[in-house]
Amino acid sequence: MEEFTQQTGGQSLKAALLRQLNLKNQAAGNLIRQGQVKVNGRRTRENIILSLGDRVSVYLPARLAPALPAPIFAGRRVLALEKPPGLAVCDAPGLTVTALLRRGGYPQARPVHRLDVHTGGVLLFALDDEAEDALGRLIRSRSLEKQYECIVRGRPEPPNARCTAYLKKDAEAARVRVLPTSVPGAREIITGYQVMASDQSLSRLKVNLFTGRTHQIRAHLAYLGHPLLGDDLYGDHALNRRYGFSHPLLWAVSLVFPADVPPELAEAAGLRLISPARFPSKCPL
């Protein structure tokens, strides 16, 4: 049985199940209709509106129970796994990757970088304070090689490039802006890309992330005229509807440690973590 306390008012029970338990729309509706959901201890078969503080209990069949993603690497101080799209890493209401880890045998796990909710792929965790500090130093020194794949509008020219710009957060709009020159509050971003495949309207890119800023890949490629397919925040809404995607097609495919690492990370020296891109089957490239 899964339980949670509702953190906001005015949300439907079904919507809460989708967010809190990462269920599909049909599965959440079936659970409600089958009487498998209780609100404040009382069973309901209706998609009621929840209030702040309501306690929700859900009887999940084994096939729907949240599962811990399989580790790509499980060391004594470092853990890497393949994050599934649709789950937040941490610091979000409902089910998160970190919450799954902590109840699945890794109570000390803490993420050392982030992936957007709808981005899948390699995700790295520290398992103690010393590893967290050492991994933080590697990330700040840009010693970890991070590579992504994505689908974008058009065909970038040249087909292989390393691009520099400046990114500034817009907290009120919950997005970022990319600028050609530095301004107060902006930070440098460096993004490399290589065209892997292309048709008349879309391209599949391999992207190297040399800096790791909020929404960097999405915003930088949109600034270059090639927004990610499925990205309504920075991209082409009409193109996204045409292809039927409502989330950015972006995947963290690899993360490589240098051979020379701090002694706390000796188990990860030269480690290459791989997660092949798993875009939806209707993906055109």
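Predicted model: local features only at pLDDT ≥ 70, side-chain atom pairs only at ≥ 80, totals over all residues.

User: Why is Arg110 called buried?

Analyst: Buried means under 20% relative accessible area, exposed means over 50%, and partly exposed lies in between (1.4 Å probe, protein chains only). Arg110 has a relative accessible area of 15%, so it counts as buried. Arg110 belongs to strand E9 (residues 110-111); strands are DSSP runs of E with at least two residues, helices are runs of H or I with at least four, and both are numbered from the N terminus.

User: What makes the approach of Gln108 to the side chain of Arg110 a polar contact?

Analyst: A polar contact is a pair of N or O atoms within 3.5 Å; within protein, one must be able to donate a hydrogen and the other to accept it, and residues adjacent in sequence count only if both atoms are side-chain atoms. The backbone oxygen of Gln108 lies 2.6 Å from a polar atom of the Arg110 side chain.

User: Asn40 and His215 both have positive phi; which of the burial classes does each receive?

Analyst: Asn40, in the loop between E3 and E4, has a phi of about 55° although it is not a glycine. Its relative accessible area is 35%, and therefore Asn40 is partly exposed. His215, in the loop between E15 and helix H5 (216-223), has a phi near 55° and is likewise a residue other than glycine. With 18% relative accessibility, His215 is classed as buried.

User: How do you know that E3 and E4 pair?

Analyst: Two strands pair if DSSP finds at least two bridges between them. Three bridges join strand E3 (residues 37-39) to E4, and the two run antiparallel; the partner of Val37 in E4 is Thr44. Both strands belong to an open sheet of four strands with the order E1-E6-E3-E4 and antiparallel pairing.

User: What makes E1 and E4 edge strands?

Analyst: Strand E1 (2-5) and strand E4 (42-44) each pair on one side only. E1 is joined to strand E6 (residues 55-58) by four antiparallel bridges, with Glu2 opposite Val58.

User: Why is E11 described as largely enclosed?

Analyst: Seven of its nine residues are buried, so the rest of the structure largely encloses E11. Strand E11 is joined to E16 by six antiparallel bridges, and to strand E15 (residues 202-209) by eight antiparallel bridges.

User: What makes the space lined by Gln147 and Ser254 a cavity?

Analyst: On a 1 Å grid over the protein atoms alone, a cavity is a set of points where a 1.4 Å probe fits but cannot get out; lining residues have an atom within 4 Å of a point. The structure holds one cavity of 30 Å³ or more, and the largest cavity has a volume of about 40 Å³, a volume being the space filled by probe spheres set on the points. Its lining includes His113, Lys146, Gln147 and Ser254. Strand E11 (145-153) and strand E16 (250-256) each supply at least two lining residues, and Gln147 stands opposite Ser254 in E16.

How values were computed:
Residues numbered from 1 in each chain as written. Heavy atoms only, no water. 1 Å grid on protein atoms, 1.4 Å probe; cavity = no way out; pocket = protein on both sides within 12 Å on 5 of 7 lines; lining within 4 Å.
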